[in-house]
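Hello,

Here is the structure I promised to hand over. My notes follow below it.

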Amino acid sequence: MNQINILSIFPGLGNPLFAAESQIHGHATLGWNILLALPIVLPLLGAGLSLAFASVRRLQGIISATVLAISLGVAVALLVMSLDGPVVLDIGSWAAPVGIVLVADRLSAIMLLTSLTVTLLVLLYSLVQGAADGDEAAPIAVYHPAFLILSAGVSNAFLSGDLFNIYVGFEMLLMASFVLITLGGTRDRIRSGTVYVVVSLLSSFLFLIAISLVYAATGTVNLAQLAFRLPEIDSGVRLAIQALLLVGFGVKAAIFPLSAWLPDSYPTAPAPVTAVFAGLLTKVGVYAIIRTQVLLFPGDRLDLIVGVFAILTMIMGILGAVAQHDIKRLLSFTLVSHIGYMIWGISLSQVNGLGATIYYAIHHISVQTALFLVVGLIERHGGTTSLTKLGALVRTAPLIAVLYLVPALNLAGIPPFSGFFGKVGLIQSSADRGLWIDWVLIGAGIVTSLLTLYAVMRAWNMAFWQTPPEELPAKQNPRGMTAAAGTLVGVTILLSIFAGPLNLYTRNAALELEARAPYVVSVLPDDGRGSGISRDVTKRESEKDAQNNAPGAKQNLPAAKPDDGGRAK
C-alpha cells in the first residue's frame, strides 16, 4: 500500500500536530531506535547473569538494580524521542509486517517509563528487606531472575507492534509471576498461585484464539497492517474478534465479573511482589485494551457494553473493599474498583476521555504500588495486616502513618492530588458527550470515590489510632525500606505538582492514538513496508517480475501459490 492510500484511509495525517512527525521519525531514526530493544533484552540478560551467580546474593542485587536503572534511563530517552513521533525498530532487520516490530509512541513510552520507575523502587525495597531478614531459606536465587523476566515481559507488551508478540509478553509475565506469587511455598501462596495461573491460562487461551481468527481473516498480526485490513473483513467476524480480545484482556485487567481471582491471589504474596503486581499487571491488560480498541476498532467499539462493565467494576469492587477487615484485601478490592475508571475513559471514544484514562493509569500505577509498599511496612512493624488486630501505630511509627495517608487520599481523589484531576477529566469528558450512560458513569464514579475515601480512612483510623486488643511487636523497619516507599510516595506527589504538563502530554498521546496515522505510517512508511532484509528481497523480486513481464521477455507459467498477504515471499 502506498502513502497516498494510507493518507486516504487515515485522514488524521492532515492534522498539523502529526503531519510533520510521521515523515521525520519512525525508521528514519535508525541507530538510536536500537534503544527500543534494551528494556526487553537487558532484563533477560540480567536474569541469566543473576541465575549464574545464584550463590552470591549481593551480586544478584547489584545486577538487578543496574539493569533496571539502565532500562529506566533508556525509557526516559525513548519518551523524549517519541515526542517527535513514534519510534520504530524492525527486529532482526526484517521489515514490518514480515518481522516483529517494536514501537514507542507517546502512550507506550509513558507507560514504559512509569512501569520501570516503580519496578526499580520495588526492587530496592525488596533488596533492603532481604538483607534485613537474612533468611537463608528464602529462594533469593529464583527471585531476581523472575523479577527481571517480569520486567522484560511488561516492557515487551508495552513496546510490541505485533499482536502475537504481545501474547509472548503476557506469557513471560505469567511464567515469572507464578514463580513470584508462590515464593516461600506456603499453603496459601500455592493455592492462590494455582488459581492465578489457571485464570491467566484461560485468558491467554482466549487471546490465542483471537489471534488465530485475526490471522485467518487478514493474513497478518502486525498492528499497523491490521488497522486497515480489519475494516475490510466481514463485520460479524470483526465483532467476534473484538469481543474475544476484550474478554481476554478483561481477565488480565480484572474487569468485573472477570476479577474474582485477584483479591484472593495478590494478598498472599510477599509485600514487594504484591506491590509490583498491583501496580503493573492489571495495567498491561488496560494498555492492551486501549491499543487494540483505538487502533483496530475505531468507531466500531462496543462502547455501551464497555461502559456498563466500567460501572459494575467500580461499584462491585469498592463494595468488596468496604467489607474487608484485612488491609491487603481491602487494597486489592480498591485495585479492582479503580480499574473501572480506566475502562470508563475507554468507553467514551473521545480524545479527552482517552487522555484522562492514560493520565489515570499513570496515577494508579504509582499510587497503588506505593500503598502496598507502605502496607508491607505496616505488616513488618505491627506483625499483621488484620485491621482488628492493629492499632496505635501512630505512636510507634508516625512516619508510616504519613506515608499511608498521602497515597490513600490520592487514591480517593481528594484535591489537590493527581487522583482528583484524573477523575475530573473523566467527569468532564462524560458530561461533554451527555448520553444517559455518561450520567450513570459520573454517578458511579462519584460514589466509588466517596466509598474509597471511607474505606482507606477507616483502615487508617483502625491501624494507627484505635487501641489494639493486644500489644504489638513494634518491630522497626530498615531505613532503606522506608526510603524506597517514601520515594514512591514522593513520585505520586510529583505527579500532582506537575499535573498540568502531564495532562497535556496524555492528551497529545490520545490525539496521536485517535489519529492512528502516525503509528501506521511510522511502521509501514511509503510503500507499506518497514526497512530491512525482507524489504531488499521484495525489491529484487519485484524487479525480476518486471523484467519477466517486459515485452519480448520469455514467459513462463509460474506455479500456483497462495496470496502472501503482504508477507515475505
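**Strands E1 and E2**

E1 and strand E2 (residues 101-104) pair in the antiparallel sense, over four bridges. Pairing requires at least two DSSP bridges between the strands. Helices (H or I, at least four residues) and strands (E, at least two) are DSSP runs, numbered from the N terminus. Val 88 stands opposite Val 103 in E2. From E1 (residues 87-90), Val 87 and Leu 89 point one way, Val 88 and Asp 90 the other, and all are buried. Buried means under 20% relative accessible area (1.4 Å probe, protein chains only).

This is a predicted model: local features need pLDDT of at least 70, side-chain atom pairs count only at pLDDT 80 or more, and totals for chains, interfaces and linings use all residues. Residues are numbered from 1 along each chain as its sequence is written, and side-chain values use heavy atoms, with hydrogens and water left out.

**Pro 145**

Pro 145 is found in helix H7 (residues 140-159). Pro 145 is buried, at 8% relative accessible area. Leaving aside residues up to four places away in sequence, Pro 145 touches Ala 47, Ser 50, Leu 51 and Gln 60. Contact means heavy atoms within 4.5 Å. The C-alpha atoms of Pro 145 and Ser 50 are separated by 6.1 Å, with the two residues 95 apart along the chain.

**H13 and H16**

The axes of H13 (residues 271-296) and H16 (residues 351-382) come within 7 Å and cross at roughly 170 degrees. Axes are lines fitted to C-alpha atoms, for helices over the stretch in contact, and angles run from 0 to 180 degrees between N-to-C directions. H13 and H16 are therefore roughly antiparallel (over 145 degrees).

Regards

How values were computed: Buried means under 20% relative accessible area, exposed over 50%, partly exposed in between (1.4 Å probe, protein chains only). Angles under 35 degrees count as roughly parallel, over 145 as roughly antiparallel, 65 to 115 as roughly perpendicular and the rest as oblique.
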